[in-house]
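Me: Please take one part of this structure and go through it closely. Then connect it to what surrounds it.

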Amino acid sequence: SFSYSVCSFLNVTDLIAYKSKPALYYCIILGFGEQLIIWWELMSVAVIMFDVFIRAVWEKCTDRLEWIYVLIIFIFPFSFNWIPFINLAYGPANVFCWIRSVDLEDCSDFNFGVWLRFSLYYIPLYTLMITLIILLVIAIFLVR
């Protein structure tokens with residue numbers, strides 16, 4: 001959470017990123033970093049919930065799985081957060097740096113960026129959260 005706070009604190013150049021190439025590159029790197037850090041945190045929560053589910057419901061010891069958990073937390077987000085670099089989709093996104101929804105040259109809609117936001121963030125986020133809620137409910141009712 002500290003790393004996300006630092007990344008959000010540094011996220012201040014989006015208003016000048018349209019005019020300045022160094023600010024644009026900074027915004028691209030910051031957008032990638034913020035997306036990556038968000039997914040590291042989400043995967044950490046998911047791994048903890050999954051571990052609690054295994055321990056509570058199946059009553060299995062998961063101590064030997066810890067190195068796999070670390071790999072999942074840090075490697076899985078890298079497997080898909082590089083995709084916005086294909087069309088330079090990272091950049092200024094309204095008031096912050098993330099996956100942009102506006103073309104940088106003529107301010108028209110950048111539909112690929114909107115599609116990327118939903119396919120790389122919103123849909124996986126809600127799918128993960130619903131899955132974790134289902135696991136939590138199952139764990140609560142089976143452990144009672």
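Reply: The buried residues of α4 are G113, L116, R117, L120, Y121, L125, L128, L132, L135 and A139. Buried means under 20% relative accessible area, exposed means over 50%, and partly exposed lies in between (1.4 Å probe, protein chains only). Helices (H or I, at least four residues) and strands (E, at least two) are DSSP runs, numbered from the N terminus.

The model is predicted, so local features need pLDDT of at least 70 and side-chain atom pairs pLDDT 80 or more, while totals for chains, interfaces and linings use all residues. Residues are numbered from 1 along each chain as its sequence is written, and side-chain values use heavy atoms, without hydrogens or water.

First, the helix itself. α4 covers residues 111-143, 33 residues in total. Its end C-alpha atoms are 46 Å apart, which agrees with the 48 Å that α4 should span. That expected span is 1.5 Å times one less than the number of residues. α4 also has a kink of about 35°, centred on F118. The bend at a residue is the angle between axes fitted to the seven residues ending there and the seven starting there.

Next, the cover. α2, β1 (90-93) and β2 (96-99) are among the elements that cover the buried residues of α4. Take L128. It touches W39, L42 and A46, leaving aside residues up to four places away in sequence. Contact here means heavy atoms within 4.5 Å. Further along is L135, also in α4. L135 is buried, at 17% relative accessibility. With residues up to four places away in sequence set aside, L135 touches F50 and F53. The C-alpha atoms of L135 and I54 are 9.7 Å apart, although 81 residues separate them along the chain.

Q35 belongs to helix α2. At 0% relative accessibility, Q35 is buried.

The largest nonpolar core has 30 residues. Such a core is a set of buried Ala, Val, Leu, Ile, Met, Phe, Trp, Tyr and Cys residues joined through side-chain atoms within 4.5 Å. W39, L42, I99, Y121 and L128 have the most contacts inside this core. At least two of its residues come from each of α2, α3, β1, β2 and α4. The most come from α2, which gives 13 residues.

Now the aromatic side chains. The structure holds 17 aromatic pairs. Rings of Phe, Tyr and Trp (its six-membered ring) pair if their centres lie within 6.5 Å; planes under 30 degrees apart are stacked, over 60 edge-to-face, and the rest tilted. One of the pairs is W40 with F74, with centres 5.3 Å apart and planes at 65°, so it is edge-to-face. This pair links distant parts of the chain: W40 in α2 (residues 21-57) and F74 in α3 (residues 66-75) are 34 residues apart. W40 is partly exposed at 22% relative accessible area. F74 is partly exposed too, at 42%.

F110 and F112 form another edge-to-face pair, 6.2 Å centre to centre and with 80° between the planes. F110 is buried at 12% relative accessibility, whereas F112 is partly exposed at 27%. R100 lies over the face of F110, 4.0 Å from the ring centre. A charge sits over a ring if NZ of Lys or CZ of Arg is within 6 Å of the ring centre and within 35 degrees of the ring normal.

D103 sits in the loop between β2 and α4. Leaving out residues up to four places away in sequence, D103 touches S108, D109 and F110. D103 is partly exposed, at 24% relative accessibility. Its C-alpha is 9.1 Å from that of G113, ten residues away in sequence.

E59, in the loop between α2 and α3, has phi near 55°, a positive value in a residue other than glycine. E59 is exposed, at 67% relative accessibility. L88, in the loop between α3 and β1, is not a glycine either, yet has a positive phi of about 50°.
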